[in-house]
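Please look at the model below, and then follow a short exchange about the terms used to describe it.

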Amino acid sequence: MIGQFIDGPLWTFSLAVFVIGVVWRIVTILMAGNRPDLSTPRGSASSGAIRTIFSRSVYERTAATRGRLLQIAGYLFHIGLFALLFFAKPHVDFYAERITGFGWATMPHWAFILSAELAFLGLLLLWIHRLLSPVTRLLSDLDDHLGSILVFLVMLTGCLALAQSFEALRLIHLLLAELLLIYFPFSKLMHTFTFVMSRGYTGATMGRKGVNA
Amino acid sequence: MGSMISISIPPGSLGAKAAAWSLLLLWLMLLPGQGLAESKQVKGLPPPAVLNPAADLWRDIRQRDMATTGTTQVRGVDSGVLINANGDKWRKFRMDQLIPIGGYLLLGMGLFLILFYLIRGKVRIAGGASDRKLPRYTSYERLIHWFIASIFIFLALTGLIILFGRPLLIPIFGKELFSVIASASKEGHNLMGPLFLVALILVFIKFVRRNIYQKGDMSWLLRGGGIIGKKHVPSNFFNMGEKSMFWMLIIVGSVIVASGLVLIFPIFGQGREWMELAHVGHAIGAILMITVIMGHIYIGTIGMEGAIEGMSTGYCDLNWAKEHHDYWASQMEKRGEAISNEAVNRFSDPDTNRSLGRELREAGE
């Protein structure tokens, strides 16, 4: 009974909330527009935007040495999670059956496991650092922790269900993934989509002023 | 009303020979039964030795006398072995010794800690908390400590479910629910296991220098680390107990990791016996480590006032440091590393305070 609910109506509802919520958030950001800048441009806004979108992903040498581990952890987590989400066979099969109607190339099993290991390694290091460092602790709010906890639980239950032998474990994983989908548009997890816009906006503003930032 | 069919067999013909052989075979088959009947009749006499031609075959299969490997077209490690005799020994060891003794050891440690707490109580800072603190652990050191701690706790819980689940959890949850829990535990344990190796390497690199035994460690040990009795026992940055726990973590942890890798990656040609050996090493090492870590957690939390502060905030109380790590505390105080509680609250971050302190000292302030 509850299994059918998780597999059916709740899945449809959560997917709808996710899609509508994400589109709505992006549209409202784009519709907000910019204030007209009447000053004489001292550089190219477009090249500034493009530069910043990519340069923010590169390790900043002037940053403190201890930031290096966190940068590596960030890459491990995001790349691992991306690979898991889009190239793990159980996920691709699920998308093909429920959303797209077609599948695509998947990772071999060892790469699937390695991606999960890297994603866990990165997430745990980042989360523990968030809790321990006085700076990140002050900067973090409930949303940050809730997002981390939900992503962690989805990953954990996914790994517990790896044997694919028990329906209950699959349903727990799916339920948590659905809760994450519902929570996603209203949280900082939206940075998955908005990071390009925010970096681009900052880069364009600075580029127009002739500042290499 | 019926018809009778009579068959006449000419003597010396093929049919006659077949009939004669059949009768002989039937008589041979009845021989053991006849012997048994006779033995029942003649009480007191030993039964005649009846050779079973299959006995040798089964003795070889069960490998009673010596290890035998047959030939087969099936490719794979141990595919020529029909019955692994050591597997039975391993199973018996696991069920009759490992699980009960391991269980009693863990239970015993738990009871010991409860009793110890009831008798000794919480070890307080003798002079009370001071108004100054010492930076003890950097953010990175705390990060890797809590990283290995979280991985260890997860692995310990899932490992204990795998080892003790059948006798302990089936009576509570029933077989069906336990099978779900056991499967989840196994998958989680296998997936998180390799992360323990990463954590172990990070911890080793960061903490090895301060865990080399030095002068004063033995006297700390001989005086029971100060936890027994009320006398002051000085020590270095890490005391003998902490250093020994570090080396146990590294050595036993390496055994656990190596045996765990043998178990979850059966792709390097390791046979059943290697797997059994790895399992025994893995389980014994893990039980030993869990037992010791229980003591570590006890001291760090309810057992000693101020002990967890270093790992949670990065600072420790100056009086606590003088009481438990006197040699190190004196050096730090001489170098002017002691910071007021107010300054600690202002900056909170040991790394920031450390660099700020360095800058102030260099500026002559």
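Two strands pair if DSSP finds at least two bridges between them, where strands (E, at least two residues) and helices (H or I, at least four residues) are DSSP runs numbered from the N terminus. This is a predicted model, in which local features need pLDDT of at least 70 and side-chain atom pairs count only at pLDDT 80 or more, while totals for chains, interfaces and linings use all residues. Residues are numbered from 1 along each chain as its sequence is written, and chains are lettered from A and ligands numbered from 1 in the order in which they are written.

Q: What makes β1 (residues 132-135) of chain B and β3(B) a pair?
A: Two bridges join β1(B) to β3(B), and the strands run antiparallel; two bridges meet the requirement of at least two. In one of the bridges, B:Lys133 has B:Ile339 of β3(B) as its partner.

Q: Why are β2 (315-317) and β3 (339-340) of chain B called edge strands?
A: In chain B the open sheet of three strands has the order β2-β1-β3 with antiparallel pairing, and β2(B) and β3(B) each pair on one side only.

Q: How do you know that helix α2 (residues 53-61) of chain B is hardly covered?
A: A residue is buried if 20 or more other C-beta atoms, placed from the backbone, lie within 10 Å of its own, and among the nine residues of α2(B) the count of buried residues is zero.

Q: Why are α6(A) and α8(A) described as roughly antiparallel?
A: The two helices pack at an angle of about 155°, their axes being 11 Å apart, where axes are lines fitted to C-alpha atoms over the stretch in contact and angles run from 0 to 180 degrees between N-to-C directions. Angles over 145 degrees count as roughly antiparallel, and α6(A) and α8(A) therefore fall in that class.

Q: What makes the side of chain A that touches chain B count as 18 nonpolar, three polar and two charged residues?
A: Residues are in contact if their C-beta atoms, placed from the backbone, lie within 7 Å, and by that rule 23 residues of chain A are in contact with 20 residues of chain B. Ala, Val, Leu, Ile, Met, Phe, Trp, Tyr, Cys and Pro count as nonpolar, Asp, Glu, Lys and Arg as charged, and the others, Gly among them, as polar; the side of chain A then divides into 18 nonpolar, three polar and two charged. The largest share of that side, ten residues, comes from α6(A).

Methods. Two residues are in contact if their C-beta atoms, placed from the backbone, lie within 7 Å. Angles under 35 degrees count as roughly parallel, over 145 as roughly antiparallel, 65 to 115 as roughly perpendicular and the rest as oblique. A residue is buried if 20 or more other C-beta atoms lie within 10 Å of its own, exposed if 12 or fewer, and partly exposed in between; C-beta atoms are placed from the backbone.
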